[in-house]
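Please look over this model before we discuss it. My notes follow as numbered points.

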Number of protein chains: 2
Amino acid sequence: MAVNTTSEARLEDRWRDILSVHARTMCEIDRALHPHGLGASDFEVLDILVSSELAHEGEHCRVQNIADRVHLSQSALSRLIGRLEKDGLVERSVCLEDRRGVWVALTRKGRDLHTEVRPLQRAALARVLNA
Amino acid sequence: MAVNTTSEARLEDRWRDILSVHARTMCEIDRALHPHGLGASDFEVLDILVSSELAHEGEHCRVQNIADRVHLSQSALSRLIGRLEKDGLVERSVCLEDRRGVWVALTRKGRDLHTEVRPLQRAALARVLNA
DNA sequence: CCGCACTAGTTGCACACTCAATATAACCCC
DNA sequence: GGGGTTATATTGAGTGTGCAACTAGTGCGG
């Protein structure tokens, strides 16, 4: 039982740690990106789109593919993409081969903004995670 | 520069890891506690109150002391305590020695609910963190 | 070919969160 | 001791999120 309670305590400590690091990093990223009109999740989606472009040369990416990589509900992601589109950072278009799906593609503006703010996000990561 | 880019990539990977573990654990805890009318943050506050009771024998705790331990804004915490009070789990009273502050004390119901759901939260932690 | 189950994405709704402003109380220094 | 500053907690406004319901499209089996 003693073992059990100490292992439980370790788990708790670890969880507290995760909570703390998560909160501080999130906050730091938001602070760095907010002046550019982006939140942490917005950047994450932009980042995924860029890396996806590099990976398979395609300019577009299904919403589904983004959803797999980001920890957001379908609806939150849908609205997030809606906001990015409204800001002219991405474009949506129906996927012809499966008309249930929609393609999401970066615009020039989106790509530019990403290259602009990427260093800021990385710096924020470094500040908190290397502390 | 090569060093720089790989260390950056490590940072990114670590961040992705934190994000993933955080999301899954949060979700698991919420799922376990929701049937009892609590969210993860609610439980965390209850847990803090219990441990504070054990620590210095006092039955009450300043809002400030809770705020130091939980990653929420002042206003979010105030409303959270308001909800707990509405549900009869805690009681608020003005702090006599410093009348700016307010005491927060567990009710019997709050203590009971905590002992009831604590194992569930621990189990959720174990499920995700030991995976 | 039609129906039926399944998948992809969006929308309505409720709710918790943050930021900024506010109220009240305490501290402090002249 | 009174006026300015700081500390503590609450409230108002705006926003993002998750759940559940919904629409549209696919594909399989009879």
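1. Which strands of chain B does helix H2 (residues 40–56) lie across, and at what angle does H2 run to E3(B)? Helix H2 of chain B lies across E1, E2 and E3 of chain B, running at about 95° to E3(B). Axes are lines fitted to C-alpha atoms, for helices over the stretch in contact, and angles run from 0 to 180 degrees between N-to-C directions. Helices (H or I, at least four residues) and strands (E, at least two) are DSSP runs, numbered from the N terminus.

2. On conventions: this is a predicted model, in which local features need pLDDT of at least 70, side-chain atom pairs count only at pLDDT 80 or more, and totals for chains, interfaces and linings use all residues. Residues are numbered from 1 along each chain as its sequence is written, while chains are lettered from A and ligands numbered from 1 in the order in which they are written.

3. The chain B sheet is open, with three strands in the order E1-E3-E2 and antiparallel pairing. Strands pair here if DSSP finds at least two bridges between them. Strand E1 (60–62) and strand E2 (90–94) of chain B are the edge strands, each pairing on one side only. Neighbouring strands are turned by 30° against each other on average, direction ignored. Five bridges join E2(B) to strand E3 (residues 102–106) of chain B, and the two run antiparallel. Within that pairing, Arg92(B) stands opposite Val104(B).

4. Chain A has an open sheet of three strands, ordered E1-E3-E2, with antiparallel pairing. Strand E1 (60–62) and strand E2 (90–94) of chain A stand at the edges with a single partner strand each, so one side of each has no neighbour in the sheet. The twist averages 30° from one strand to the next. E2(A) is joined to strand E3 (residues 102–106) of chain A by five bridges. Val90(A) stands opposite Leu106(A) in E3(A). H4(A) packs on this sheet, touching E2 and E3 of chain A, and its direction makes about 115° with that of E2(A).

5. Now the symmetry. Chain A superposes on chain B by a rotation of 180° with 0.0 Å of shift along the axis, at RMSD 0.1 Å. That is the relation of a two-fold axis. The superposition is by least squares on the C-alpha atoms of residues with pLDDT of at least 70 in both copies. In chain A, the C-alpha nearest the axis belongs to Ile18(A), 3.4 Å away.

6. Next, the protein contact. Chain A gives 17 residues and chain B gives 17 residues. Contact means C-beta atoms, placed from the backbone, within 7 Å. On chain A, helix H1 (2–33) and helix H5 (108–129) each supply at least two residues. The largest share, 12 residues, comes from H1(A).

7. DNA strand C is surrounded by 23 residues, the closest being Gln64(A), Ser75(A), Ser78(A), Ala76(B) and Arg99(B). A residue is near a strand if its C-beta atom, placed from the backbone, lies within 6 Å of it. H4(A) gives the most to this surface, with five residues.

8. DNA strand D has 22 residues around it; Ser73(A), Ser75(A), Ala76(A), Ser75(B) and Ser78(B) come nearest. Here the largest share, five residues, comes from H4(B).

Definitions and conventions
Two residues are in contact if their C-beta atoms, placed from the backbone, lie within 7 Å.
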